Amino acid sequence: MANTTRAAAGEEVILGLEDVSVSYHGDITILDHVNISARKGMVTGIIGPNGAGKSTALKTLYGFLKPSTGHIRYKGESLNGKPPYTFIERGIAFVPQNRSLFGDLSVQDNLLLGCWVFRNDAVRVKRVLDSAYAQFPILGDKRHDPASSLSGGQQRFLELARALALEPEVVLLDEPTAMIAPKLSREIYDFIKALPEKGITVVLVDQNVRQCAAVSDYLYVLELGRNKAEGGKEMFEGDSALHKLIAEWLEYKID
Amino acid sequence: MMTTLLIQALVTGLILGALYGLIGCSLTIIYGTMRIVNFSHGEFVVAGCFAVLMFFTATGLHPLLSIPLVFVAFFLVGMCLYYLFVPRLNRGDDPEVASFLTFYGVSLMAGAILLYFFQADTRSLNYVFTPSVYKIGHVFIPTAHIVALATGVAIIAALTWFLYRTIYGKALRAAIMNRDAIQIVGVNINTLSALAFGLAIAIAASTGVLLALVFPAFGPFSGMDYTLVGFVVIVLGGLGHPIGAIIGGIVFGIAEQVAIVFLPQSLSQAVGFIILIAAITLRPSGLFGKVALR
């Protein structure tokens, strides 16, 4: 398999899809024998046009969708058929594209639910809350306000803070800057870029090809539910073949 | 004279309303958490009435002391029902309609089981408090009503504490707000739903115990009335809002009782439904419903 070449170069694959197909209602195939490998301590980007299956790939990596072929593999273990809540117990956190906050609950309660897996460990819960508030002071200021009263950007930071509350090994991010103001988007990308330094592996799905390429260490290109291309950052710099290819089918100007 | 009647109606309405509120609250916990329309909810209220009758005639146990027993027994019944029906329903294309039909079936079945064991005659719980009536000013309030109200309020307080102060209650409310998102924080939605179903059936049956104290007669077929009341109350209070349902219940109870004072008996029953239709027309999201966070 093509995607094992980099793993062979000494980079450990922590979470991945191996030859995975996914279909809705049994007949509409969304993913067609897709391979994706998230390497430890790296940001792995998934890009492609609308309908390429990017979000489906991410949902499958979190166990929301069941593969009809192949395996979801985490640290060597196949997670096929495991319910989503067991993914987070293993250290895989997911921030979906749609708002995933509990609007009537306070900011603090949203974070507390992010600590569900270790809810009986009061010391750890307190440590996690303190560190979330230190990292995002605005959340600390508004801890007693309902989550629905936050601005769009603040809600996104709360979702990120809640996902990190688990102290996960892998974070799956689906369009983290969709519908977010440009200034906040930059903050979010900076935040994502810094995650590997904390030992967190990132899988990022993004419509914004240029930003995704800038943040990612390795990129997968999906098209119509199939692997189209993949490569390291260097493939997106200068006038490379892949660069051209993407520019063509997205009809974007990347630079 | 009219004032006395009115005060009497307000007091009775408050008491019945609190109990209606509990029926609606438990119904909305089921609907909110798992989008299941439990059309058999009233049968479990009636089953609670029969359970206290059975305990009382067999052992002479004080009716209030049977509440914990009824609660635990029906909690387990609810959990079993959940695992028997709901996970299968959720795999279908239209779980809400399928659940409506399934639980309509459960309703008929539960009515038939009650009929088999207790016959069609209406029964009553022959427990008399001493003194049987308190007189406050010109208003007479049966002791049973006061006890039922106090117990009902205690159950509401405990439930509110559970829903708003414990992590499990918060998870339950979170599941009502966003069933997908609760799974990404690591909650096992199946276990949570089963517990919610058990809790709701336990509350319904415990409310039945209190209703047996308040209403002189109940029969195997009284369930449908309570189911309807439950639905009215949750529409009034806002779908998926447990505490809104309590308030909705009190509004409905008071409206019903005050209507009895001013209107002929036959018309007064329509008042609750007039309020329902008015609520749907004027405030479709209910008194406490909110537009969901996207």
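This is a predicted model: local features need pLDDT of at least 70, side-chain atom pairs count only at pLDDT 80 or more; totals for chains, interfaces and linings use all residues.
1. The six-stranded sheet of chain A. Six strands of chain A form an open sheet, and their order is E6-E7-E8-E3-E9-E10. The pairing in this sheet is mixed. E6 and strand E10 (226-232) of chain A stand at the edges with a single partner strand each, so one side of each has no neighbour in the sheet. From one strand to the next, the twist averages 15 degrees.

2. Strand E3 (residues 43-47) and strand E9 (residues 218-223) of chain A run parallel and are joined by four bridges. A reader who wishes to locate this pairing may look at Gly45(A), which stands opposite Leu219(A) in E9(A).

3. The four-stranded sheet of chain A. A further open sheet has four strands in the order E2-E1-E4-E5 (chain A), and its pairing is antiparallel. Strand E2 (28-39) and strand E5 (77-78) of chain A are the edge strands, each pairing on one side only. Strand E4 (residues 69-74) of chain A runs antiparallel to E5(A), and two bridges join them. Tyr74(A) has Glu77(A) in E5(A) as its bridge partner.

4. A helix across strands. Helix H2 (residues 54-61) of chain A lies across strand E1 (13-24), E2 and E4 of chain A. The helix runs at about 115 degrees to E1(A).

5. Two packed helices of chain B. Helix H5 (residues 143-165) and helix H6 (residues 167-177) of chain B pack at an angle of about 80 degrees, and their axes are 5 Å apart. Angles of 65 to 115 degrees count as roughly perpendicular, which is why H5(B) is described as roughly perpendicular to H6(B). On the side of H5(B), the contact is made by Phe162(B), Leu163(B), Tyr164(B) and Arg165(B). H6(B) contributes Ile167(B), Tyr168(B), Gly169(B), Lys170(B), Leu172(B) and Arg173(B). The residues of this contact divide into six nonpolar, one polar and three charged.

6. Backbone features in loops of chain B. A cis peptide bond joins Thr130(B) and Pro131(B), with omega at about -10 degrees. Pro131(B) is placed in the loop between helix H4 (95-118) and strand E1 (133-136) of chain B. Arg35(B) is not a glycine, yet has a positive phi of about 55 degrees. This arginine, Arg35(B), lies in the loop between helix H1 (2-34) and helix H2 (41-59) of chain B.

7. From chain A, the lining includes Ile88(A), Ala93(A), Phe94(A), Val95(A), Ser100(A), Gly114(A), Glu159(A), Arg162(A), Ala163(A) and Leu166(A). From chain B, Ile184(B) and Val185(B) also line the cavity. Strand E6 (92-95) and helix H7 (152-165) of chain A are the elements that give two or more residues to this lining. The lining residues divide into eight nonpolar, two polar and two charged.

How values were computed:
Residues are numbered from 1 along each chain as its sequence is written. Chains are lettered from A and ligands numbered from 1 in the order in which they are written. Side-chain values use heavy atoms; hydrogens and water are left out. On a 1 Å grid over the protein atoms alone, a cavity is a set of points where a 1.4 Å probe fits but cannot get out, and a pocket is an open set with protein on both sides within 12 Å along at least five of seven lines; lining residues have an atom within 4 Å of a point. Ala, Val, Leu, Ile, Met, Phe, Trp, Tyr, Cys and Pro count as nonpolar, Asp, Glu, Lys and Arg as charged, and the others, Gly among them, as polar. Two strands pair if DSSP finds at least two bridges between them. Axes are lines fitted to C-alpha atoms, for helices over the stretch in contact, and angles run from 0 to 180 degrees between N-to-C directions. Angles under 35 degrees count as roughly parallel, over 145 as roughly antiparallel, 65 to 115 as roughly perpendicular and the rest as oblique. Contact means heavy atoms within 4.5 Å.
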